[in-house]
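This briefing goes over one protein model. Please look at the sequence and structure below before reading the notes.

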Amino acid sequence: IAGLEQTVADNEANDARDISLILGLANLYYQVGELETAATWYKDILRTHPNDPPALENLGQAQLEMGDYAGARTSWEAAANVEALEMNYLRLADLIARHFPEDRSEIRSILEVGIANLGQTPGLLVALGNWYESKGMLDEAISHYEVARTLSPKDEGIVDTLARLRAERAKAK
């Protein structure tokens with residue numbers, strides 16, 4: 001870490017900013033559990049490159065682990081807006097479900113944006129199916145799970161959940 005910090009400092013002194021080295025340094029601090037220092041370095045990258053996806057994603061993870069849920073949400077929303085990755089939408093939806101219960105209605109739109117940007121993926125469809133199930137909307141949940149099963153027919157979790165949802169729907173009728 002000390003050697004990489006020195007290299008980063010030398011580069012900065014010579015106007016040769018290398019954000020890949022800074023990201024590596026931040027990741028090292030993260031790996032050894034120095035989350036606040038890692039977050040400081042991620043923010044340093046974002047000072048000059050505000051739309052850097054790895055810095056935004058990693059900052060969000062560090063913030064989550066430090067208990068800064070609002071900060072993690074902001075970082076992951078920015079990451080999802082910059083780079084459409086399934087992981088960004090799923091992490092954001094999970095964060096809101098766990099730590100912002102008053103905003104759970106936003107999960108649907110986040111996942112739908114993910115599907116619009118990435119197409120239908122089993123992960124996004126399952127997450128949206130879970131959201132519909134949590135709202136008691138079994139037909140919609142089943143519909144999303146059916147598409148997920150078509151895309152990933154060997155996923156036993158999807159098959160089992162689909163069977164459970166169908167049984168719940170039949171019992172409710």
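Helix 8 has as its buried residues Leu124, Leu125, Val126, Ala127, Leu128, Gly129, Trp131 and Tyr132. The model is predicted.

*Helix 8*
- The cover over the buried residues of helix 8 includes helix 6, helix 7, helix 9 and helix 10.
- Helix 8 has 13 residues, which at 1.5 Å a residue should span 18 Å; the C-alpha atoms at its ends lie 18 Å apart, so the two values agree.

*Nonpolar cores*
- The largest nonpolar core holds 28 residues, and those touching the most other members are Ile96, Ile107, Leu111, Leu128, Tyr145 and Leu165.
- At least two residues of this core come from each of helix 5 (69-82), helix 6, helix 7, helix 8, helix 9 (138-151) and helix 10 (156-172).
- Helix 8 contributes the most to this core, with seven residues.
- Leaving out residues up to four places away in sequence, Leu111 touches Tyr89, Leu90, Ala93, Leu124, Ala127 and Leu128.
- Another core, of 17 residues, lies apart from the largest one and includes Ile22, Tyr29, Tyr42 and Ile45.

*Largest pocket*
- The largest pocket contains about 200 Å³ of space.
- Helix 6 (86-99), helix 7 (105-118) and helix 8 (122-134) each give at least two residues to its lining.
- Among the lining residues are Asp94, Arg104, Leu111, Ala127, Trp131 and Lys135.
- By type, the lining has seven nonpolar, two polar and three charged residues.

Terms used:
Residues are numbered from 1 along each chain as its sequence is written. This is a predicted model: local features need pLDDT of at least 70, side-chain atom pairs count only at pLDDT 80 or more; totals for chains, interfaces and linings use all residues. Side-chain values use heavy atoms; hydrogens and water are left out. On a 1 Å grid over the protein atoms alone, a cavity is a set of points where a 1.4 Å probe fits but cannot get out, and a pocket is an open set with protein on both sides within 12 Å along at least five of seven lines; lining residues have an atom within 4 Å of a point. Grid points are joined across faces, edges and corners, and a volume is the space filled by probe spheres set on the points. Helices (H or I, at least four residues) and strands (E, at least two) are DSSP runs, numbered from the N terminus. Ala, Val, Leu, Ile, Met, Phe, Trp, Tyr, Cys and Pro count as nonpolar, Asp, Glu, Lys and Arg as charged, and the others, Gly among them, as polar. A nonpolar core is a set of buried Ala, Val, Leu, Ile, Met, Phe, Trp, Tyr and Cys residues joined through side-chain atoms within 4.5 Å. Buried means under 20% relative accessible area, exposed over 50%, partly exposed in between (1.4 Å probe, protein chains only). Contact means heavy atoms within 4.5 Å. The expected span of a helix is 1.5 Å times one less than its number of residues.
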